[in-house]
Each structure stands twice: as structure tokens, then as C-alpha cells.
Amino acid sequence: MISSLVVLLLFLAIIAFLYSSVGHGGASGYLAVMAIMGVAPAIMKPSALVMNLAVSLFSFIGFYRAGHFKFNLFWPFALASVPLAYLGGTMTLADSLYKKILALCILISIFRLIFQFRNEKEEIKPISISAGLLSGGAIGLLSGMIGIGGGIVLSPLMLLMRWATLKQTAAVSALFIFVNSLSGLYGQIQKGGIQVTDNFQWAVAATILGGLLGSYYGSQKFNVPTLRYLLALGLVIASAKLIFT
């Protein structure tokens with residue numbers, strides 16, 4: 001029992017480290033680990049959101065202090081996402097549908113981990129307010145429904161549309177994840193309370209430690225491609241489990 005708990009905490013810390021290094025809270029990774037261990041969705045969602053809150057906050061602080069945060073990139077997404085994340089948090093999905101949507105989001109996170117956007121010299125395009133509101137609202141609703149912060153969807157979108165550089169995207173995503181996780185968690189509480197896993201405080205502590213280290217190294221241009229590929233492999237296994245079970 002103790003050895004399995006240690007392994008779980010180690011995986012959570014590694015996930016928090018890797019995700020926070022690119023401005024993410026790691027909810028998709030935490031959910032993947034809990035899915036492999038057979039944790040019920042009712043417990044998975046709030047647990048992942050609480051861990052997401054801590055890690056994304058530390059990640060944002062790291063990138064903000066390094067000078068990468070741009071408020072004009074953040075507010076159009078957040079304005080629509082926060083109320084819709086709350087709405088999504090009040091919704092209850094059937095377990096089978098929940099697992100399929102979560103698997104899709106995990107696959108997106110795999111793409112984000114493997115495909116590195118390296119060209120910082122590409123021309124950055126200004127984002128229109130309507131595009132920010134529309135995409136932010138859609139991502140917010142999805143994040144509230146399944147218990148993620150939405151960064152795994154927002155980051156690839158911002159980079160593919162060339163709305164921001166890699167570091168700017170990480171900074172914006174980190175704060176976006178924080179406010180969405182907070183809103184989605186509040187929606188779940190309003191719906192009738194939340195359930196968390198046993199040894200929950202240790203899980204939060206492990207993710208905080210990993211998040212602190214990841215945000216520091218990530219904001220200082222630290223790169224860990226091999227570990228990210230290994231994490232991506234683990235997420236592939238988790239998504240396959242969700243799709244076929």
C-alpha cells in the first residue's frame with residue numbers, strides 16, 4: 001500500500017514538473033494517472049482541479065517574473081471562459097461520455113508534449129477580441145465539464161494561430177488554467193460538494209513540489225524532451241484505457 005502511494009506521488013510530481021515547465025497545470029496528466037488506477041470520475045474531477053490550481057499558480061508566477069506575461073493576450077480568453085467553466089462545473093456527464101471526452105483531451109496534450117514549437121522568430125499576429133471570446137468560452141465550458149484547466153487546448157491553438165511566442169503562451173495558459181480551475185471547482189461545489197481521494201494532502205504536496213521546480217526551470221528555458229516523450233507514452237496508454245474500457 002505504501003509503495004503504491006509512493007509511486008503515485010512520484011508520478012504526480014513528475015507530471016506537475018513537466019507540465020508546469022510549459023505553463024500547464026497538469027490536470028490531464030493527473031486524470032490519466034487516476035484513470036489507470038480506476039478512480040471514479042466523481043473523485044477525479046475535483047482532485048485534478050485542486051492540484052491544477054496550485055501548480056498553475058506557481059507556473060504563472062515563474063513566467064510572470066521572467067517577463068513573459070501579456071495581459072492583452074489573456075483577457076479575451078478569460079472573459080468568456082470563467083463563467084462557462086463555472087457552468088461546465090455544474091454539469092454531470094455519464095461516465096462513458098466523460099471518459100471519451102477526457103481521452104480526446106489527453107490526446108491533445110500528447111500532441112502538445114511531442115510537437116515542439118521552436119521558432120520564436122515567426123511573425124506574431126494580433127488576436128481579435130471575437131476570436132478570443134469564442135475560443136475562450138468553448139475551452140472554458142469543456143474544462144469545467146471534465147475537470148481540467150483548458151491549457152492543453154489553449155496552448156496549441158495560440159501557437160498554431162501564431163497569436164503569441166512559446167513563452168508568452170506558457171504565461172497566458174498558466175493564468176488561464178488557474179482561473180478556469182477555480183471557476184470549475186466552484187461550480188462543482190455549488191452543485192453539491194466535492195469528493196477527493198484518500199491521502200489527498202500528499203498528492204497536492206507532490207504536485208506543488210513538482211510545479212515549483214518545473215516553473216523555475218521552464219521559465220529559464222529548461223528543456224526535457226526525453227522525459228516529455230516518456231510522459232507522452234504514458235498518456236497514450238491512459239487514453240487507450242479510457243477509450244476501450
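Author: In this predicted model, buried residues make up 53% of the 245 residues in the chain. The chain has ten helices and zero strands. Among contacts between residues at least 6 apart in sequence, 86% join residues at least 24 apart.

Reader: Which residues of H6 are buried?

Author: The buried residues are Gly132, Ser135, Gly136, Gly137, Ile139, Gly140, Ser143, Gly144, Met145 and Ile146.

Reader: How is the packing of two helices described?

Author: Two packed helices are described by the angle between their axes and the distance between the axes. Here the axes of H6 and helix H7 (residues 151-160) come within 9 Å and cross at roughly 155°. Because an angle over 145 degrees counts as roughly antiparallel, H6 is roughly antiparallel to H7. The crossing in which H6 passes H7 is right-handed.

Reader: Which residues of H6 and H7 meet?

Author: From H6 come Ser135, Ile139 and Leu142, which meet Val153, Leu154 and Leu157 of H7. The residues of this contact divide into five nonpolar, one polar and no charged. Of the H6 residues in the contact, Ser135 and Ile139 are among the buried residues of that helix.

Methods. Residues are numbered from 1 along each chain as its sequence is written. This is a predicted model: local features need pLDDT of at least 70, side-chain atom pairs count only at pLDDT 80 or more; totals for chains, interfaces and linings use all residues. Side-chain values use heavy atoms; hydrogens and water are left out. Buried means under 20% relative accessible area, exposed over 50%, partly exposed in between (1.4 Å probe, protein chains only). Helices (H or I, at least four residues) and strands (E, at least two) are DSSP runs, numbered from the N terminus. Axes are lines fitted to C-alpha atoms, for helices over the stretch in contact, and angles run from 0 to 180 degrees between N-to-C directions. Angles under 35 degrees count as roughly parallel, over 145 as roughly antiparallel, 65 to 115 as roughly perpendicular and the rest as oblique. A crossing is left-handed if the near helix is turned anticlockwise from the far one by less than a right angle, and right-handed if clockwise. Contact means heavy atoms within 4.5 Å. Ala, Val, Leu, Ile, Met, Phe, Trp, Tyr, Cys and Pro count as nonpolar, Asp, Glu, Lys and Arg as charged, and the others, Gly among them, as polar.
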